[in-house]
Amino acid sequence: MRIVLFNNCYRPLRSFVWVMATLFGFFVFPALAQQGIRITGTVADETNEPLPGVNVVVKGTQTGIVTDGNGKYEIAVPDANAVLVFSYIGYLPQEIPVGNRRVISLNLSEDIREIEEIVVVGYGTQKRSEVTAAVSTLGAKDFNTTVASSSVLELAKGKLPGVVITNANGSDPRSGASIQIRGVGTLRSSTSPLIVIDDVPGGDLSLLRPEDIESFNVLKDASAAAIYGTRGSNGVIIISSKKGKRGQAKPTFDYSSYISHEYINRQPKILSADEYRTYMQSGAYNANLMTDFNSSTNWPDLLSDKSNLSQNHNLSMQGGNASTGYRASIYYRDVRPIAIESNQSNWGGRVSINHTGLNDRLNVQLNVSTDHRTRNEIGETGAWEQVSQRNPTEPARDEDGNWLEDGAYNSWNPLARYSTKEDYTTRTTWLGTGKVSLTLIDGLKVSVRGSWQQYDNARRQYYVRESKTSIDSYQGGGRAQRWWSSDIRKTIESTVEYTGQFNEIHSLNAIVGHSYEYHVDENFNAWNSGFLTDAFTYNNLNNGTGKTLGTNYFGMGSGKSDDKLAAIFGRVNYVLMDKYQLSATLRHEGSSRFGSNKRWGTFPAVSAGWVISKEAFMSSLDVINNLKLRAGVGITGNIPSSNYIYMTTLGTGGEYPVAGGTWYQTYGPARNPNPNLQWETKQEWNIGIDYSVLNNRISGTIDWYNRRSKDLIDEYNAQLPPYVLSSVWTNVGTISNKGIEIGVNATPVEAKDFSWDVSATFFYQQNKLESLSDDVYKATYKTWYGLPSPGALGDAIRTEEGKSLGGFYGKRFAGFDENGRWQFYNKDNQVVSLSEVKPDDLTYIGNGIPKYYASLSNTFRYKGFDLTVFFRGKFGYQILNLKELYFGNLNWLPNNVLETATTKHADLHDAPQYSDYYLEKGDFVKLDNLTLGYTFKIKPNDWVRNLRIYVSGQNLATFTGYSGTTPEVQDTGFETGIEGRSFFPSTSTLMFGINFGF
């Protein structure tokens, strides 16, 4: 993918070209005093911004002129058969026959292949041709032209090789997507990459709308991410927002909006009321255990809002003068998903100001952004589990209009809970940044930047007195609770940067800097029960009588923690003869989350590039436009997710009386100390190839990486004594990751009125737990995802030394006996009953992490029409279908069951068991997005600059052999490849939108 910052990088060049072209035209082109047909018009770019200095030439002659400062021109042509040629640096030329027209206005399109691409890296930018590390990019055009989406991550999904973005919770707008770059490299710390927004580490993606993004850059390997030290182990995502442009005296406005509708595309096939009765009367099951309530209730329909409609609006403005540029945007988004009581709304905005002074040597940047979110927490994934098992002949209410509860195990009426509960969350996020840069001498610049980022969360919950929760657990007195939390991150950084060229063959960029960050979070919560009325809900906690009922009926808590980061860093980029490139980075960083003996770490990296295509021996190969070999090696770190795990902390014990009858709270050690706890370390090397051929019609990258993450932080058994508690946090394990990443961009067809662009990605990954023990601390394996009740089915996933991550570990299915009882293979491949299965008969039966990821995007343009078709897929993994394991079992009756319980699993007459019987191939290909748009050709005027309308469909079709709700389950972290019992429905989305500028 390419990022083109043409307007930012080339605006000074535009003015220069206009002046020079005007002078050139004055002296070289013949005067237009000759007789002929007079043609006038305006030339603008793709956003209808006038282009000064465009050459307008009568084809086959020397007659020509250039456009003025407003993009206007006037030229005389000999006759109607003349053809005008419009050309401008960085834009595709156009030839237009005159015919019977006297006014010819047009828009020139940027020639992406002729523009030097600018890539944002840590603490600076680089030309794409000089990047020596593994960096993938998406630009503004990838976010707001052809494809419509509701979030930043949705637009990036599947488009960056090596980057996995998954939203495993279906259509729930309140759940965020998980992000993982090049696999898992830690056991207990975060697996998410560092997010940097406008140079601020730890940024929140909720502060950005797709319309605000200028570039999206991913630093994937250690040589690129080492400059971020202890937070670069999982990769770094750097996002730059759009800024105001200097010299744009006339303000411009852009408005984008869409409405969308969701519909369920796939859901569990449970028995309908009629099917339930038919099976009940068939005699195939003990009908005495089943009840016909003489009703027909479609429970999934009752939890669905089939008339749902979401909306999104974004308005931005930008302008400026010779010394100042500004941009401001506001947005509103209201999401009404298919699942009732799950709505969420956002509103917010951002303002950026860029001012220069002292003859352009001083630059001041100010940015402020905010997001306010209101979320309805009443709807929950467990409700859809309930409707999948609820008796379809049972009504939601009894004859008196009261909510009906059947009293069965693990059963509750979701509609009753929804109507007797209040649960809302509000979150306000603020980010303010300021940066001052001063060029001391040509090439030498000093900068200071500070930022303040704050999140404030408040949640309010109340169960009314008549609710099932209140009656079952709080003696019918209701329950109220409030939470509050605040998270503040303050950062100040300073840098000194030098850029210079020597003897026309040496290019040098060097930067050194200092960074300091302070992070503090606080929280408070309180709850009570035993209210005499529901009138106050959660607004009068002290009116509850829970304290008189005991400690299980009231409570409160609060907490505060903080941590600090401090670092010095530097990077040198050197280029010789535009062919030989070298980059070296070093960061020395300390974190308060580490032990006092190991608080500081050093993270070096070096990478190099060789532009082979510029060598003399390549000069005869015209088919190759660019061929570059890259190689890099580096070390990055990872910090614990929690504070204070290296030190002794105190925990509360019981309350005891002392003399005089006074009761005091007691304290004792809650954690063993480890002053040698240190950062996790990732060592990685990367070899890459960048290429473009056939006049840049085909380009792409290939990367091969291998990394080892060692000194992994985990909790191990501690020796007693000298320790006083049974466990301690320490560094022991090692995980290895390796893979191949391929990205290809091509333009198979590029004609006057029609073009076809193709973009494809592919990557392969392999993860392995190399070690889990050392000479002191021992562990044979780790397990994840405890299977839910009923039945003690154990953990689904296990990993041990020398094995791949994500392994399903369990029994091997050998069939059913004549009574429908389970049979399994033991370690000697003998068929045994369930009671005969021994622990050492269990083995690895599958893997839930995809080995291969691929995507294919096609964009077709014909005149004003554009069509984007985007496919993506995942391959080489299995899915554990828990819906089949539990609801596909006749033992789940008298609750409702899946239709497969009476067909596919009809021979099963035994309690649920975990084995490879419920593992399915998860491979899929998905038509992820289909967008058809039309851009109106608008003559330059004072009202409308551009106008585009579109219709878009998301998640339209999935091609898979998997029988469950969706094959797109969690594939990041360790609990992968499982479709759980609790879920949100899988939906397709239809959007109608408009973008226009004025």
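Modeller: Two strands pair if DSSP finds at least two bridges between them. This is a predicted model, in which local features need pLDDT of at least 70, side-chain atom pairs count only at pLDDT 80 or more, and totals for chains, interfaces and linings use all residues. Residues are numbered from 1 along each chain as its sequence is written, and side-chain values use heavy atoms, with hydrogens and water left out.

Colleague: Why are strand S47 and strand S50 called edge strands?

Modeller: The open sheet has three strands in the order S47-S46-S50, with mixed pairing. Strand S47 (919-921) and strand S50 (978-979) each pair on one side only.

Colleague: How do you know that strand S15 is mostly covered?

Modeller: Seven of the seven residues of S15 (residues 213-219) are buried. Buried means under 20% relative accessible area, exposed over 50%, partly exposed in between (1.4 Å probe, protein chains only).

Colleague: Which strands are joined to S15 by bridges?

Modeller: Strand S10 (residues 135-139) is joined to S15 by five bridges and runs antiparallel to S15. Leu138 stands opposite Phe216 there. Strand S16 (residues 236-241) has six bridges to S15, again antiparallel. Ser215 and Ser240 are bridge partners.

Colleague: Why do the buried residues of H5 line one face of the helix?

Modeller: Helix H5 (residues 273-282) has Ala273, Tyr276, Arg277, Tyr279 and Met280 as its buried residues. Down the axis of H5 these fall within an arc of 165°, so they line one face. The arc is taken from the directions from the helix axis to the C-beta atoms. Turned away from the buried side are the exposed residues Asp274, Thr278 and Gln281. After H5 comes Gly283, with a positive phi near 80°.

Colleague: Why is the pair of Phe603 and Trp679 called edge-to-face?

Modeller: Rings of Phe, Tyr and Trp (its six-membered ring) pair if their centres lie within 6.5 Å; planes under 30 degrees apart count as stacked, over 60 as edge-to-face and the rest as tilted. The structure holds 34 such aromatic pairs. Phe603 and Trp679 have ring centres 6.0 Å apart and planes at 65°, so the pair is edge-to-face. Phe603 lies in strand S28 (residues 600-611) and Trp679 in the loop between strand S31 (663-669) and strand S32 (680-693), so the pair ties together parts 76 residues apart in sequence. Both Phe603 and Trp679 are buried.

Colleague: What makes Phe887 and Trp892 edge-to-face?

Modeller: Their ring centres are 5.5 Å apart and their planes stand at 70°, so this pair is edge-to-face. Phe887 and Trp892 are buried.

Colleague: How do you know that the charged end of Arg798 sits over the ring of Tyr781?

Modeller: A charge sits over a ring if NZ of Lys or CZ of Arg is within 6 Å of the ring centre and within 35 degrees of the ring normal. The charged end of Arg798 is 3.7 Å from the centre of the Tyr781 ring. Arg390 sits over the ring of Trp299, 5.1 Å from its centre.

Colleague: Why is Lys874 called buried?

Modeller: Lys874 has a relative accessible area of 4%, so it falls under the 20% limit. Lys874 is in strand S45 (residues 865-875).

Colleague: What makes the link between Lys874 and Glu968 a polar contact?

Modeller: The side chains of Lys874 and Glu968 are joined at 3.4 Å. A polar contact is a pair of N or O atoms within 3.5 Å; within protein, one must be able to donate a hydrogen and the other to accept it, and residues adjacent in sequence count only if both atoms are side-chain atoms.

Colleague: Where is Arg182, and what is its phi?

Modeller: Arg182 is in the loop between strand S12 (178-181) and strand S13 (194-197). Its phi is near 60°, a positive value in a residue other than glycine. Most residues other than glycine have a negative phi, and most peptide bonds are trans. At 1% relative accessibility, Arg182 counts as buried.

Definitions and conventions. Helix = DSSP H or I, 4+ residues; strand = E, 2+ residues; numbered from the N terminus.
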